[in-house]
Amino acid sequence: MALIEIENVQVGYGSGPNILDGLSITIESGKTYCIIGPNGAGKSTLLRTICGLLHPRQGSVTFKGEVLNKLRTDEILRRGISFVPQDRSLFPDMTVKENLRMGGYILRGRKALEERIDEVLVMFPILKERHAQHAKTLSGGQQQMLAIGRALVLRPEVIMLDEPSLGLAPKIAQSIFDNIVLLKEYGMTVILVEQNARKGLEYADWGCVLDLGVNRFEGPAETILNDPRIQELYLGKQNRDRREKTA
Amino acid sequence: MNQFVQVLLFGLTLGGVYALMASGLTLVFGVMRIVNIAHAAFIIAAAYIAFYAFTIFHVDPMLSIFITMPVMFFIGMAVYWLFFARIKGTTRAGELTVLLTFALALIVEGILGYFFTNIYRSANPSYATQAIHFGPYFLSAGQFYATLLSIGLIALLWVFLKFSRPGYAIRATMQNTSAAQVVGVNVERISMIAFGLGMALAGASGSMLSFLFTFYPAQHWEWIAILLALIVLGGMGSLGGALAGAFILAIASTLVGHYFGPTWSPITFFLALFIVLLVRPQGLFGKKVEA
């Protein structure tokens, strides 16, 4: 059964043009999705719409049959969808622990919150080590882990990650992808937007190619990875071939 | 030397009150990026409330914070909801808030002038004219109590911001508004609360001002100039900065007033403002804003 159903959605900022222009995607439970596409295709906008930071002008976003269109972010978080925005958007002058506490902001009851924070700290030992440090003093990779950890405090069913490997050294980025595998093993549905499309697809079950606000192609991640047309247009095949030749 | 210490003590007791006045202004800027030009006008409005509570009902001006703070809190929330919430997110919202707060300042001044005339006022509870002696030094009792109360209120504010749930949300919004939204903070509601809180601090400041200084409706222009200098020095949006800026400039202006004559004392603030903007525009504790 479809977990999230996005139907013919149109979204834009302020009074600007539609960024998503009639986009439809079906997200199924327990799978990992990788959304790729050129800059400005609407990838981040899609994630922001699902988590209620933007509201559709047309069409609908449904989660388990319930329409989310008009709900606020906190109401959507409560239903089990968490979002890790681009640029590791943390609270720089709060400690690691306080950032995690903010992750559970919508929860009532201090004890339950502390328990969940401890769970997250077990998942990310480095955060436990640094729990009293200010977020701004962490390295890029650690900040990304904190951003993911903050989203996990709510034990979401769906976690959406916007370019988690952006600006990270390859080795660090790899550890982030390893963590995504872990999320999947926990049974979470993962929606991943990745600039490094090839890498993202390797970790996904299903791939969607967005272009100009619509879902241009979709299919099993492997098929997308090997589709010559998509390789040509979106995966930078020529560049890779050139690199391989020189290597 | 004795004289220097005496002047320093005057400066210190002035600093606490300045800090209280500046804390609301910096809080509102930190959360909403609104430079509330009307902040001092609301302080004067609260001073009138305290003044009349004292002259008519004999309410002690220091205790009048229990009236001025809640009254200004609700006025603040209403003002935010009526005006600021509506222009948020529109193009040029930043410029509009400047015009809006400027207009609010004029409106408040006009209303005060209409009802209370432009006569200079000052509440005079018994302690306003008493002195407290510390060995060879003395302090104005009113200044001393007002500073203690001011610091107490700032400490309460700090505890609230540091440990309460809305406090967490306010700090989160100050540090990263979009991240606050992502974790489910209702930024709109938090902004309204923060604006109310800033105005409640203006209310408490008005209670202090009512007996420490003489005041009249248009005087808020002098105060807002001073307050802006304080928070620019400290770093706009930083509570610790407002505190540091307030004490540094209160002491500096008192020293200048003593050694060069009272005429020169106000210029301390603007001189400091120029120097800070030239040398360290982000202020002592502020963060550089990325363009």
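In what order do the strands of the open sheet of chain A stand? The order is E2-E1-E4-E5, with 4 strands in antiparallel pairing; helices (H or I, at least four residues) and strands (E, at least two) are DSSP runs numbered from the N terminus, and two strands pair if DSSP finds at least two bridges between them. The model is a predicted one, in which local features need pLDDT of at least 70 and side-chain atom pairs count only at pLDDT 80 or more, while totals for chains, interfaces and linings use all residues. Residues are numbered from 1 along each chain as its sequence is written, and chains are lettered from A and ligands numbered from 1 in the order in which they are written.

Strand E2 (18-28) and strand E5 (66-67) of chain A each have a single partner strand, so one side of each is left without a neighbour in the sheet. Further in, strand E1 (residues 2-12) and strand E4 (residues 58-63) of chain A run antiparallel and are joined by 5 bridges. Ile6(A) has Val61(A) of E4(A) as its bridge partner.

We can turn next to where the chains meet. Here 19 residues of chain A are in contact with 14 residues of chain B, contact being C-beta atoms, placed from the backbone, within 7 Å. On the chain A side, helix H2 (73-78) and helix H3 (96-103) are the elements that give two or more residues.

Leaving aside neighbours within four places in sequence, Leu227(B) is in contact with Met21(B), Ala22(B), Leu25(B), His39(B) and Ala40(B).

Terms used: Two residues are in contact if their C-beta atoms, placed from the backbone, lie within 7 Å.
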